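Please look over the sequence and the structure shown here before reading on.

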Amino acid sequence: MELTGERFIPQQETNMPTIVEHYHRYHAIAPLMKGLRVLDAGSGAGYGSALLSDFAAHVTGVDISEEAVSFAAETYGKDNLQFKVGSVAELPFEDGVFDAVVSFEVIEHISPELQECFLNEVKRVLKPEGFFIVSSPNKEVYSDEIAFTNPYHLHELRINEFKGMIEKRFAFYKYYYQTYEPFSVIFDDQGEEKKDFNLINIHKDAYFHRMYSIAVCGNRPETIETVELNSLVLRYDQQYYATRNDIVYPFVSSLYYSKDEVLSEQQKMQTKLHIFDGKVKQSYVFDSPVFVHEIRWDPVELGFCELENIKICVEVEDGGVQTLESEALAMNAWKKQDGKYFFSSTDPYIIVKLDQTIRCVHCEANMKVLNNQELYKTVILPVSEETQSLHNEVQTYRRQFEDVQRQSDAYHKELKNVEDALQVCRNQVSKLRHTIKEMDEVMKELLLREAQKEQRIVHLEESFVNKAWRKIKNRKQEKK
């Protein structure tokens with residue numbers, strides 16, 4: 001069965017927090033199952049059912065995946081442990097047949113409607129004196145706080161929603177919370193056998209993240225009153241060791257390489273992630289020279305990281321070394337102004353195309369592995385603040401634009417008034433021109449009449465003079 005992230009498979013998982021979280025839940029409840037008939041609803045790869053079967057009289061694991069059921073049966077099958085294919089929303093069992101039902105990290109994988117059906121089914125198959133233990137990621141911390149989305153989760157629950165669903169069906173309940181935290185321990189000669197430790201808060205703001213909610217519930221008080229899940233898992237993987245400068249993480253770095261256009265899971269080399277003085281140096285040596293089309297360096301598998309001064313050196317067949325700096329590399333990261341690259345994906349990678357025969361690959365960089373909170377503070381929060389800043393700038397520009405728009409509208413209104421006034425003036429000028437034209441016509445008529453009068457006067461004068469002259473002439477003739 002392939003590790004896709006949907007189910008926890010111990011044989012393939014390399015992320016130590018994930019391993020500890022899953023095993024811790026089952027180890028914490030296993031002693032409660034002594035001599036009981038138990039149902040593990042959503043048993044997945046079967047590791048939890050197998051662990052419970054070391055205490056219980058009989059354990060049945062049910063999962064909707066035929067592949068998961070087949071894998072679990074082949075890997076863990078024994079006389080008091082069986083696995084069946086079935087939906088948690090329609091459990092294939094009669095009423096009241098189980099003393100206990102366990103379901104860890106299952107409810108978030110189904111829709112809200114099926115969640116209701118699931119819890120109703122759990123209550124149906126439980127004996128009256130039976131109890132139910134269920135866990136779910138707390139959406140506020142698991143997803144919202146770091147803006148993370150798990151593609152396999154259909155509906156995550158906040159703590160109050162989780163409690164509401166439990167208290168709707170069961171009369172008695174206890175709640176616990178789980179988180180994976182670093183810690184320092186002081187112990188006496190009893191060592192790992194010591195049970196009681198004082199919890200010291202050195203920093204006033206220190207607190208446990210309620211990453212997962214766990215409910216123990218039933219319908220009879222005696223069923224759950226003796227249950228105690230408060231517990232601490234000692235790190236057995238030596239996740240953190242060394243001095244101030246030297247840290248080995250529970251992660252691995254991987255080099256994938258291909259001889260053609262397709263990167264293959266089989267063509268890879270892995271080394272444990274080792275950071276010294278803030279620098280990672282990983283070397284991958286081939287048994288013999290090999291032609292490589294492309295390499296992909298994953299600085300950390302299933303983790304967030306910050307890189308700076310990235311350098312990849314490739315030793316080719318003739319012994320020469322080709323060095324590639326940060327700017328020449330293709331990667332799924334974003335770069336800040338200070339030259340650091342932030343990988344907010346749990347699958348960070350850097351790709352180099354080669355198309356040549358090589359002997360080894362050496363990768364180095366200044367590196368810091370980020371936890372969820374550091375990722376939020378380093379990457380997501382600044383982006384949110386920058387986004388808010390840009391949003392504020394946009395709002396400012398929008399207000400300025402609206403002011404300009406209002407001024408423009410006022411100018412347009414004034415311009416319209418001026419144009420209207422100008423049109424009135426044009427109309428008046430047109431009327432004046434018409435009036436002047438009429439006056440010109442009248443003046444012409446008057447001048448014409450005046451000219452005609454003058455002509456008549458001249459004619460009359462000439463006629464009078466002529467008559468007078470004739471009279472004078474006639475008188476002169478009469479006198480003669």
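Predicted model: local features only at pLDDT ≥ 70, side-chain atom pairs only at ≥ 80, totals over all residues.

Strand S1, which spans residues 37-41, is mostly covered, with four of its five residues buried.

Together with helix H2, strands S1 and S2 make a β-α-β unit that is right-handed.

When residues up to four places away in sequence are left out of account, Ser49 touches Tyr26, Asp40, Ser43, Val59, Gly61, Leu81 and Phe83.

## Aromatic pairs and a cluster

A pair of aromatic rings is described by the distance of the centres and the angle of the planes. In this model the count comes to 12 aromatic pairs. One of them is formed by Tyr26 and Phe104, an edge-to-face pair with 4.9 Å from centre to centre and 80° between the planes. This pair links distant parts of the chain, with Tyr26 in helix H1 (residues 16-29) and Phe104 in strand S4, 78 residues apart. Both Tyr26 and Phe104 are buried.

Tyr257 and Phe286 likewise form an edge-to-face aromatic pair, for which the values are 5.0 Å centre to centre and 90° between the planes. Here too distant parts of the chain are linked, as Tyr257 belongs to strand S8 (residues 246-258) and Phe286 to strand S10 (residues 279-298), 29 residues apart. Tyr257 is buried, having a relative accessible area of 15%, and Phe286 is buried as well, with a relative accessible area of 10%.

Which residues form one aromatic cluster with Tyr26 and Phe104? The cluster brings in Phe8, Tyr23 and Tyr47 alongside Tyr26 and Phe104.

## Charged groups over rings

The charged end of Arg25 sits over the ring of Tyr212, at 5.0 Å from the centre of that ring. A further contact of this kind involves Arg296, which lies over the face of Tyr256 at 4.4 Å from the ring centre.

## Strand S10 and its partners

Strand S9 (residues 268-276) is joined to strand S10 by two bridges, and the two strands run antiparallel. Phe276 stands opposite Lys279 in S10. Strands S9 and S10 form a hairpin in which two residues lie between them, and Asp277, which is in the turn, has a positive phi of about 55°.

Strand S10 also pairs in the antiparallel sense with strand S16 (residues 350-370), in this case over 14 bridges. Within this pairing, Thr357 in S16 is the bridge partner of Phe291.

Definitions and conventions:
Residues numbered from 1 in each chain as written. Heavy atoms only, no water. Contact = heavy atoms within 4.5 Å. Buried < 20%, exposed > 50% of the residue type's maximum accessible area, 1.4 Å probe, protein only. Right-handed = clockwise from strand over helix to strand, strands pointing away. Phe/Tyr/Trp six-rings, centres within 6.5 Å; stacked < 30°, edge-to-face > 60°. Lys NZ or Arg CZ within 6 Å of the ring centre and 35° of its normal. Pairing = 2+ DSSP bridges.
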